[in-house]
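The sequence and structure come first.

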Amino acid sequence: MSSSLRNSVQRRNHKERGQLAGRERLGLLEKKKDYLLRAKDYHSKEKRIKALREKALFRNPDEFYFKMINSKSNKGVHVQERNEELPAEMVQLMKSQDKNYIKLQRNISKRKMERLENSVHFTDHGDAAPKAKRNKHVVFVDDEKDSARFNPVKHLDTAPELVNRTFNRPRMDTLVEMAKKTTQQLSKEDIKEMKRERELKVRELASRKRREDGLSKAERELYIQQELQTKGARKKVGVDDDGLPVYKWKAQRKR
């Protein structure tokens with residue numbers, strides 16, 4: 001019989017033997033490939049232990065180096081201590097470099113925030129910039145009754161969502177015309193996608209403003225640490241709004 005005919009004849013499928021019913025508590029039946037992995041791991045550990053024993057056997061009892069003193073283990077974890085502190089000039093230089101890096105990141109973040117604000121027209125929202133100084137729109141009325149009945153939406157003739165804006169606040173007729181034009185040109189999916197992109201940009205702008213607050217706090221903290229390393233008597237007089245200490249230096253007469 002030729003080899004092609006021999007391969008075309010149906011053969012018996014040899015299945016792997018499973019675990020016996022009485023030994024199911026022991027888990028799956030170990031095959032040869034499982035044994036090879038277990039044996040390889042066992043022999044590798046055995047070789048490492050043998051090498052460590054030989055290293056300990058041929059160790060010089062008079063051997064000494066300073067790392068024996070400067071390093072130790074704490075609950076089985078190796079801990080290494082520095083044998084000397086950095087000089088004050090080096091620490092001050094490192095802190096000044098950190099301060100310059102934070103200043104660079106703040107400048108990059110500010111430029112990105114300006115681009116986002118220009119794209120979404122969100123520079124004047126209530127929650128976006130709580131510490132920023134907002135412009136005021138003062139409306140004068142005749143008496144207190146008119147003040148109680150005053151409706152800013154009706155007075156400004158705009159949508160309720162646009163009342164807090166100081167610019168780019170179109171009137172209702174302009175909004176209606178814009179809505180007609182956009183609905184004719186854009187589909188519902190396009191409008192939904194535009195809204196989603198705007199929400200993402202607004203969310204990114206809020207997160208960048210929170211990051212800006214954190215960077216400014218870190219820069220002020222580095223400035224305080226840098227000033228504390230200089231000479232002169234000082235006294236802690238309190239804590240600012242961000243929890244950073246406030247120091248007052250004693251006035252010295254200049255020569």
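## Overall make-up

Two residues are in contact when they have heavy atoms within 4.5 Å. By that criterion, residues 24 or more positions apart account for 42% of the contacts in the protein with a separation of 6 or more. The model is predicted.

The protein contains eight helices and four strands. Read from the N terminus, the order of the elements is α-α-α-β-β-α-α-α-α-α-β-β. Of its 255 residues, 14% are buried. The accessible surface is about 23,300 Å², and carbon and sulfur atoms contribute 52% of that area.

## Helix α8

Helix α8 covers residues 188-228. It has 41 residues and reaches 60 Å from its first C-alpha to its last, close to the 60 Å expected at 1.5 Å a residue.

The buried residues of α8 are L205, R208, K209, E212, L215, S216, E219, L222, I224 and Q226. They pack against helix α4 (88-120) and strand β4 (245-249).

Is E212 buried or exposed? E212 counts as buried because its relative accessible area is 10%, and the limit for burial is under 20%. Leaving aside residues up to four places away in sequence, E212 touches R106, S109, K110 and M113.

With R106, E212 forms a salt bridge in which the closest N and O atoms are 2.6 Å apart. This pair links distant parts of the chain, with E212 in helix α8 and R106 in helix α4, 106 residues apart. R106 is buried, as is E212.

## Other salt bridges

In the whole structure, a search finds eight salt bridges. One of them joins K209 and E117, with the closest N and O atoms 3.2 Å apart. Here too, distant parts of the chain are linked: K209 is in helix α8 and E117 in helix α4, 92 residues apart. K209 and E117 are both buried.

A further salt bridge is formed by the side chains of E193 and R196, at 2.9 Å from N to O. Both residues belong to helix α8 and are three residues apart, about one turn of the helix. An α-helix has 3.6 residues a turn, so residues three or four places apart point the same way. E193 is partly exposed because its relative accessible area is 33%, and R196 is partly exposed because its relative accessibility is 42%. Elsewhere, salt bridges that share partners join R106, E212 and E219 into one network.

## A nonpolar surface patch

Which residues make the nonpolar surface patch of about 580 Å²? The patch is made by F64, Y65, F66, M68 and I69.

Among these residues, Y65 is found in the loop between α2 (32-57) and α3 (67-70). Y65 counts as partly exposed because its relative accessible area is 43%, and that class lies between the 20% and 50% limits.

## Points to check in the model

At the E212 and R106 pair, the 2.6 Å salt bridge has both partners buried. At the K209 and E117 pair, the 3.2 Å salt bridge also has buried partners.

How values were computed
Residues numbered from 1 in each chain as written. Predicted model: local features only at pLDDT ≥ 70, side-chain atom pairs only at ≥ 80, totals over all residues. Heavy atoms only, no water. Helix = DSSP H or I, 4+ residues; strand = E, 2+ residues; numbered from the N terminus. Buried < 20%, exposed > 50% of the residue type's maximum accessible area, 1.4 Å probe, protein only. Expected span 1.5 Å × (residues − 1). Patch = residues over 30% accessible without salt bridge, like charges linked within 9 Å, V, L, I, M, F, W, Y side chains within 5 Å. Areas by Shrake-Rupley, 256 points an atom, 1.4 Å probe, with all protein chains shown as cover. Salt bridge = Lys/Arg side-chain N within 4 Å of Asp/Glu carboxyl O.
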